[in-house]
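Hi there,

Here is the structure I promised to pass on. Have a look at it first, and then read my notes below.

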Amino acid sequence: MPGRELLACPGTHLETPAAIEARSLSKRYGSIEAVRGIDLEVTTGETVALLGPNGAGKSTTIDMILGLSEPDDGAVSVFGDTPAAAIGGGLVGAMLQSGALIRDLSVRELIAMVASLYPQPLGVDDTIALTGLEEAASQRTQKLSGGQTQRVRFAVALVSNPRLLILDEPTVAMDVEGRRSFWETMRELASRGKTILFATHYLEEADAYADRAVLMAGGRVVADGPPTRIKAMVGVRTIRATLPVAEVAELTRLPGVTAAERHGQAIVLSCSDSDSAIRALLERFPEASDIEIAAAGLEEAFLELTAAQSSLGAALPRSLRAGAQPS
Amino acid sequence: MSALPYTRFELLRTVRNRRFFILSLVFPVVLYFLVAGPQRSNRDLLGSGISAPLYYMVGLVAFGTMSAMLSSGARIATERAAGWTRQLRISPLSPRAYFRAKVLTAYLMALLSMVVMYVCGATLGVHLPAGEWLKMTALIVIGLAPFAALGILLGHLLTPESIGPALGGGVALLAFVGGTWFPLTTHNFLYSIAQFIPSYWLVQASHVALGGRAWDLKGWLVIAAWTVVLTALARRAYRRDTGRL
């Protein structure tokens, strides 16, 4: 592919400050506490997924990293400087959530327009090739499909040739093919030493493409570690059954069960290991009937984790963090 | 960063926009021939001392250039709605360069509208010495300064849905009060309001044809005051307008 060498970062310095360093970052909108004191460090060259359901505070966090909104408390630095300074120096490229494009320009013209704002942009044709926009290049931006629009938005973030690339739910409007080629390009960029932070609510994306996943829920970081570990944590299944007699406390003590609830005649068990749990359940309560085992949605899993965090204090994420980043 | 390449693309977008052509170029031309055409031989429009073709030419220059200046507001409103303004904020384009590009684009569009109207005026027999053409043009360019700020201000306050009617109605009202359609003399009830409105002073630029000064001190003060106030408000609106829409 042409121009790939352009993507390489000029010289890596060992003493370079963290790409992103956020300390007890907080933001409230009226009565809503969108972000409640999060710490986040992203080292140069890392690919980090910011994982969480809608309303977890991902976009608000990204807005503060980009200097689009001021934190109420705490501070954030980008490459050791203020967000404004890093952005003024053209070090950061970003694809924001839910943006559209301005009209009355061709795709090529729009990319060239953005390129003209940066000190060391990529070539316009290279960017078009990287994002697979060759066929759409001379089309007006208002005539593009949703998937093409996302690609152009990606191109807009990329043409700046940034050291740090921030993407807020980049694949939301993409089709399957678009997603695949998008992540291929991302892998390529990561291998060239770019630092990448992307927000997503797809666990699979974090698992497949990130070195590290930071799990957010309710404005807090609830876990921070290798994606496989996060996947194990949120890979919760639930067992539902009709079981009129059992005590909730007793059900909670079954192996593989993290929480139990009773709804009239029915019980619901949240399980970290549903295989062990079902065996134990049937052994202990053979009369259980109407049994269903289902994978919990991510939303449910996140809620579970948030609940776990508030009952255990901050012990859970801290232990994970220690395991994730041996120093 | 230099804002020049950026301004070039802004211009390209603007001239490709059909709404701009209709409001700032076609509409004033059609109105001009409708109103001034039948009175082309009137040498003294309602005692103003100015010929009908010249008076209405400048009146409609005021109309067209105000539209052109304020159309930057429509572009800003749609850019905000598309999230583009936020995208620009995370680029090295400084707010100063952003404003410069917006104002420069608006002025170039206003100049285009002005040239078109001058040509129309000439076909209806408007004849002025070169010095007076230049003097008149300079006054109009200066008189448009508050409208450059007003366009940016409205663009950061209104939505794409509301800005169309706001600009259309606003320009019509400002043109009416400013005297686009009939000369405002001291006897006219509108005069006491009009002299504090910048559009009045745009229309007054036609008085260069009478010799002497077209604007008195009050004219300069009104234009300067509106420019200062609207610029401050536009800057404030831009600063506050950082959120997601």
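**What I found**

In chain A, the C-alpha centres of domain 1 and domain 2 lie 42 Å apart. Keep in mind that this is a predicted model. Domain 1 of chain A covers 4–232, and domain 2 covers 237–295.

Next, the sheet in chain A. Its 6 strands form an open sheet with mixed pairing, in the order E5-E6-E7-E3-E8-E9. If you look for the edges, you'll find strand E5 (92–95) and strand E9 (220–225) of chain A, each pairing on one side only. On average, neighbouring strands of this sheet are turned by 15° against each other, direction ignored.

Now zoom in on E5(A). This strand runs parallel to strand E6 (residues 164–168) of chain A, and 4 bridges join the two. Which residue stands opposite A:Ala94 in E6(A)? That would be A:Ile166.

Helix H1 (residues 58–65) of chain A lies across E3 (47–51), E6, E7 (195–200) and E8 (212–217) of chain A, and runs at about 150° to E6(A).

Last, the place where the chains meet. The contact takes 24 residues from chain A and 20 residues from chain B. On the chain B side, helix H1 (4–15) and helix H4 (84–89) are the elements that give two or more residues. H1(B) gives the most, with 5 residues. By class, that side of chain B has 10 nonpolar, 5 polar and 5 charged residues.

Cheers

Note on methods
Residues are numbered from 1 along each chain as its sequence is written. Chains are lettered from A and ligands numbered from 1 in the order in which they are written. This is a predicted model: local features need pLDDT of at least 70, side-chain atom pairs count only at pLDDT 80 or more; totals for chains, interfaces and linings use all residues. Domain bounds come from an automatic or database domain assignment. Two residues are in contact if their C-beta atoms, placed from the backbone, lie within 7 Å. Ala, Val, Leu, Ile, Met, Phe, Trp, Tyr, Cys and Pro count as nonpolar, Asp, Glu, Lys and Arg as charged, and the others, Gly among them, as polar. Two strands pair if DSSP finds at least two bridges between them. Axes are lines fitted to C-alpha atoms, for helices over the stretch in contact, and angles run from 0 to 180 degrees between N-to-C directions.
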